[in-house]
Amino acid sequence: MCGIVAYLGNAKAQPILLEGLKRLEYRGYDSAGIAVLNSGAIKIKKTSGRIKCLEDILDKPDFNETLGIGHTRWATHGKPTTINAHPHIDHTGKIAIVHNGIIENYSALKQWLQKEGVEFKSETDSEVISNLIGYFYNKDTSEESAGQSKFEWAVQAALQQLHGTYGLAIICSDFPNVLIGAKKGSPLILGVGADEYIIASDASAIVGHTTRAIYLSDNETVTITHEGFQTKTIDNIKVEKVVKEIEFSLEQIEMGDFKHHMLKEIFEQPQSLSTCMSGRIDMIANKIKLGGIDSFFRDLTKTKRLIITACGTAYHAGLVGEFLFEQLGRIPTEVEYASEFRYRNPIIDDGTVVISISQSGETADTLAATEQAKERGATVLGIVNVVGSSIARTTDAGVYLHVGPEIGVASTKAFTAQVAVLTMIAIELGRRKHISDDQASRLLKQLFEIPEKIKPILDQSEAIKEIAAANINKENWLFLGRGFNYPVALEGALKLKEISYIHAEGLPAAEMKHGPIALIADNMPAVFIATKGPQYDKIMGNIEEVRARGGKTIVVATEGDEQIKRYADYLITVPDVPELLQPMLTVLPLQLLAYHAAVLRGHDVDKPRNLAKSVTVE
């Protein structure tokens with residue numbers, strides 16, 4: 001879960017690397033470093049801390065330094081210290097690498113290299129890569145293939161020994177005009193500009209220079225010179241890659257007038273949801289058109305079982321999907337944590353359809369679960385945001401969210417879009433199987449209107465800030481909901497935990513009586529999603545139980561509900577929509593509540609401690 005960037009071109013490398021690292025800092029921010037090549041020598045500057053700490057120690061950029069690599073780290077092996085920061089250089093000082101991923105057999109490789117006389121300086125698994133490449137580079141190179149440089153051969157020889165995941169950028173002091181990238185399990189993109197090339201973990205570090213890119217697949221390398229680039233497998237077999245257009249602009253990853261990316265992305269949701277649904281809802285024919293999976297709807301209507309696999313926020317969206325598919329499509333549906341699914345012996349019956357959900361399309365556990373499901377014969381569909389991502393390329397078909405880049409570590413607009421896509425699929429399945437055209441027409445119309453209904457919720461941001469201010473001194477919260485709003489309660493608790501560092505627990509409201517009610521005392525905040533619906537009277541009873549025990553009730557209710565006012569210490573309202581569409585609205589106040597609580601407590605909401613945006617390692 002690190003950010004890597006590398007540059008080869010005619011401009012000074014250091015400013016471009018630094019700019020790229022700043023755009024990638026949401027991927028990791030406990031240490032950072034840069035290596036540039038100058039007069040046949042590799043110069044490295046690195047430090048613990050954020051990019052600003054690195055910027056403070058950098059030398060003045062040199063016109064001769066037109067090749068370099070950079071890294072911003074989220075620590076896995078070794079503490080976030082300067083010595084463990086990337087780039088890592090081999091024992092001879094000729095090979096430098098930056099790495100995103102985990103090398104599973106690093107311990108064995110390290111012991112073997114140490115027996116060969118190689119010295120190590122850090123605690124990281126990544127240093128094994130630089131030293132392994134250096135070891136092969138300094139061997140007798142009679143094994144080199146025709147038309148292959150010593151540098152390229154050493155990289156491929158080393159990669160063949162690695163078990164695990166990697167996104168790599170590599171330079172060698174003997175090859176001042178060569179940059180090599182490699183990928184297995186961690187994202188890697190090559191931006192192809194005018195007389196310049198940029199390797200990066202994701203497109204946000206590239207779009208300021210070019211919108212043309214190639215996406216490496218697993219077990220592929222790219223060798224770049226001023227004359228062009230060549231892609232191969234790690235076995236030295238040439239691979240032809242298609243240059244594609246990056247689908248978002250530099251403007252979309254800037255904060256504009258907002259203080260944080262997270263707040264910007266919360267307020268973008270009316271537009272992002274509109275874009276997500278644009279061209280996909282046919283109000284005349286009362287149909288859903290999802291080009292990526294249209295040809296699979298026949299299989300979906302016949303399936304006897306659906307499995308949704310995801311992690312974190314995407315898992316909560318999947319839980320909403322379970323309710324939708326079972327109510328509208330009448331299809332038995334299970335939602336599995338991808339991290340558990342991949343290590344079980346899951347039952348995949350003939351005709352089972354698996355849906356993998358991931359904002360980045362690179363989530364390591366979800367990708368592994370996707371691959372396992374395919375191996376066992378399931379039809380696997382993907383719901384992802386990032387075009388060209390690993391999950392998008394692994395699944396049989398899928399749907400892109402099209403909500404633009406999400407930079408804030410705490411996912412917001414991706415969640416509502418994931419729910420919107422699941423809702424569209426469920427309505428179309430229902431239309432084909434169990435619900436009337438009139439029912440489908442009403443649901444489609446109401447779904448189409450959701451983006452406009454978000455705006456009155458956003459208008460309550462300042463009032464929600466006051467609610468947060470009144471309760472942020474409490475270190476334990478409950479989030480409670482029923483039916484379709486139970487997953488929303490889970491998501492609200494997750495948001496509060498990950499950015500404000502307040503302990504929060506999300507529960508089905510009825511489960512409160514089976515243990516957690518013992519926690520309620522001393523004005524403990526309990527957030528209820530108590531909108532109009534089939535279980536409205538039941539959740540009112542749950543609110544009364546909390547109030548009777550001294551808890552403070554923060555209630556998300558339906559506009560115009562006068563009855564609820566006497567049960568709520570704090571009230572937030574959302575427009576009236578059918579229960580199955582409510583999650584796209586009821587989650588908004590909880591996103592804002594978490595955001596304001598975190599800011600009021602003095603935390604950096606875009607870079608919460610111990611977290612990174614895209615979990616590309618186990």
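Predicted model: local features only at pLDDT ≥ 70, side-chain atom pairs only at ≥ 80, totals over all residues.
Is Lys 495 buried or exposed? Lys 495 counts as buried, at 1% relative accessibility.

**Helix H17 and its charges**

Lys 495 takes part in two pairings described here. The side chain of Glu 491 meets that of Lys 495 in a salt bridge, with 2.7 Å from N to O. These two residues are 4 apart in helix H17, so about one helical turn separates them. A second salt bridge joins the side chains of Lys 495 and Glu 498, at 2.8 Å from N to O. Here the spacing is 3 residues, again about one turn of H17. An α-helix has 3.6 residues a turn, so residues three or four places apart point the same way.

Glu 491 has a relative accessible area of 0%. Glu 498 stands at 14% and counts as buried, because the cut-off is under 20%.

**H17 against H19**

Two packed helices are described by the angle between their axes and the distance between the axes. For H17 (residues 486–500) and H19 (residues 583–600), the axes come within 9 Å and cross at roughly 20°. H17 is therefore roughly parallel to H19, as angles under 35 degrees count that way. The crossing is right-handed.

The contact residues divide into 10 nonpolar, 3 polar and 2 charged.

**Salt bridges elsewhere**

The whole structure holds 25 salt bridges. Three of them are set out below.

| Pair | N to O distance |
|---|---|
| Glu 220 and Lys 241 | 3.0 Å |
| Lys 495 and Glu 498 | 2.8 Å |

What does the pair Glu 220 and Lys 241 tie together? Glu 220 lies in strand S12 (residues 220–225), and Lys 241 lies in the loop between strands S14 (238–239) and S15 (244–245), so the pair ties together parts 21 residues apart in sequence. Glu 220 counts as buried, at 8% relative accessibility. Lys 241 is partly exposed, at 21%.

A network of salt bridges also links Lys 264, Glu 268 and Lys 413.

**An enclosed helix**

Helix H5 (residues 150–159) has 9 of its 10 residues buried, so the rest of the structure largely encloses it. Among the buried residues are Phe 151, Glu 152, Trp 153 and Gln 156. The cover includes helix H4 (126–137) and strands S6 (95–100), S7 (166–172), S8 (179–184), S12 and S13 (228–233). Strand S12 also carries Glu 220, the partner of Lys 241.

**Backbone exceptions**

Most residues other than glycine have a negative phi, and most peptide bonds are trans. Some sites here depart from that pattern.

The peptide bond from His 86 to Pro 87 is cis, with omega near 0°. Pro 87 sits in the loop between strands S4 (67–73) and S5 (88–89).

Asn 286 has a positive phi, near 55°. Its place is the loop between strands S16 (281–282) and S17 (287–288). Asn 286 counts as buried, at 16% relative accessibility.

Asp 522 also has a positive phi, about 55°, although it is not a glycine. Asp 522 belongs to the loop between strands S24 (503–508) and S25 (525–529). With a relative accessible area of 65%, Asp 522 is exposed.

How values were computed
Residues numbered from 1 in each chain as written. Heavy atoms only, no water. Axes fitted to C-alpha atoms, helices over the stretch in contact; angles between N-to-C directions. Parallel < 35°, antiparallel > 145°, perpendicular 65-115°, else oblique. Left-handed = near helix turned anticlockwise from the far one by under 90°. Nonpolar A, V, L, I, M, F, W, Y, C, P; charged D, E, K, R; others polar. Salt bridge = Lys/Arg side-chain N within 4 Å of Asp/Glu carboxyl O. Buried < 20%, exposed > 50% of the residue type's maximum accessible area, 1.4 Å probe, protein only. Contact = heavy atoms within 4.5 Å.
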